[in-house]
Amino acid sequence: MKIDKELSKNLTIKHGFPVKMGEKMTGGGGVEKLQKFVYEEYLKNGYKKMFAECSNRELADIAELGLIDTEVSEAIECIRHGKNQLDLSFELADIVIRAMNFASRKGININNAILQKHKKNMKRGYLHGKVV
């Protein structure tokens with residue numbers, strides 16, 4: 001997959017993101033940096049404003065979570081229709097991006113949430129104690 005040279009330069013220099021598979025992120029805080037980076041685009045494209053203008057906060061949250069659900073459905077369709085790994089990876093990326101944007105709008109540091117939740121999950125045991 002080719003990456004636009006200007007985008008590649010911007011990601012590497014300004015944000016410390018890898019632009020090729022296997023490159024390491026610089027400066028630590030990879031998930032936090034990524035959350036901030038994708039949220040900048042979210043703001044630029046007017047999503048925060050759109051959800052903020054909704055008078056019913058609960059409905060705005062449900063609508064935005066519905067966008068995540070839409071991306072999950074698109075990933076399922078990739079599998080059902082035998083699409084290639086790249087198409088599936090883009091749909092999975094969309095799920096993560098939408099979740100990060102929702103978390104940012106709600107003031108949630110997703111990096112901390114993932115670490116705390118994973119710590120809790122580690123105590124659950126094999127298949128969360130379920131018998132298959």
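Helix H2 and helix H6 (residues 110-121) pack at about 140 degrees, their axes 8 Å apart. Axes here are lines fitted to C-alpha atoms, for helices over the stretch in contact, and angles run from 0 to 180 degrees between N-to-C directions. H2 and H6 are therefore oblique to each other. Angles under 35 degrees count as roughly parallel, over 145 as roughly antiparallel, 65 to 115 as roughly perpendicular, and the rest as oblique. From H2, Val31, Glu32 and Gln35 meet Ile110, Asn111 and Asn112 of H6. Contact means heavy atoms within 4.5 Å. By class, this contact of H2 with H6 has 2 nonpolar, 3 polar and 1 charged residues. Ala, Val, Leu, Ile, Met, Phe, Trp, Tyr, Cys and Pro count as nonpolar, Asp, Glu, Lys and Arg as charged, and the others, Gly among them, as polar.

The model is predicted: local features need pLDDT of at least 70, side-chain atom pairs count only at pLDDT 80 or more, and totals for chains, interfaces and linings use all residues. Residues are numbered from 1 along each chain as its sequence is written, and side-chain values use heavy atoms, with hydrogens and water left out.

Now the chain as a whole. The protein chain has 6 helices and 0 strands. Its pattern along the sequence is α-α-α-α-α-α. Helices (H or I, at least four residues) and strands (E, at least two) are DSSP runs, numbered from the N terminus. Of the 132 residues in the protein chain, 23% are buried. Buried means under 20% relative accessible area, exposed over 50%, and partly exposed in between (1.4 Å probe, protein chains only). The protein chain exposes about 10,100 Å², and carbon and sulfur atoms supply 59% of that area. These areas come from the Shrake-Rupley method with a 1.4 Å probe; for residues, only the protein chains shown count as cover. Take the contacts between residues at least 6 apart in sequence: 51% of them join residues at least 24 apart.

Back to H2. Gln35 sits in this helix, which covers residues 30-44. Is Gln35 buried or exposed? Gln35 counts as buried, because its relative accessibility is 6%. Leaving aside residues up to four places away in sequence, Gln35 touches Met100, Ala103, Ser104, Ile108, Asn109, Ile110 and Asn111.

H2 also packs on H5. The axes of H2 and H5 come within 9 Å and cross at roughly 85 degrees. That makes H2 roughly perpendicular to H5. H2 contributes Val31, Leu34, Gln35, Val38, Tyr39 and Tyr42, while H5 contributes Ile97, Met100, Asn101, Ala103, Ser104 and Arg105. The residues of this contact of H2 with H5 divide into 8 nonpolar, 3 polar and 1 charged.

H5 has another partner, H4. Helix H4 (residues 57-80) and helix H5 (residues 85-105) pack at an angle of about 170 degrees, with axes 8 Å apart. That makes H4 roughly antiparallel to H5. Residues of H4 in this contact include Leu65, Ile68, Val72, Ala75 and Ile79. Among those they meet in H5 are Leu88, Leu92, Ile95, Ala99 and Phe102. The residues of the contact of H4 with H5 divide into 13 nonpolar, 1 polar and 9 charged.

Next, the aromatic rings. A pair of aromatic rings is described by the distance of the centres and the angle of the planes. Rings of Phe, Tyr and Trp (its six-membered ring) pair if their centres lie within 6.5 Å; planes under 30 degrees apart count as stacked, over 60 as edge-to-face and the rest as tilted. The whole structure holds 2 aromatic pairs. Tyr39 and Tyr42 form a stacked pair, 5.2 Å centre to centre with 25 degrees between the planes. Tyr39 and Tyr42 are separated by about one helical turn, because they lie 3 residues apart in helix H2. Tyr39 is buried, with a relative accessible area of 13%. Tyr42 is buried as well, at 3% relative accessibility. Tyr42 and Tyr47 also form a stacked pair: 5.5 Å centre to centre, 20 degrees between the planes. Tyr47 counts as partly exposed, at 29% relative accessibility. Tyr39, Tyr42 and Tyr47 form one aromatic cluster.

Last comes a backbone detail. Most residues other than glycine have a negative phi. Leu127 has a positive phi, near 50 degrees. Leu127 lies in the segment after H6. At 40% relative accessibility, Leu127 counts as partly exposed.
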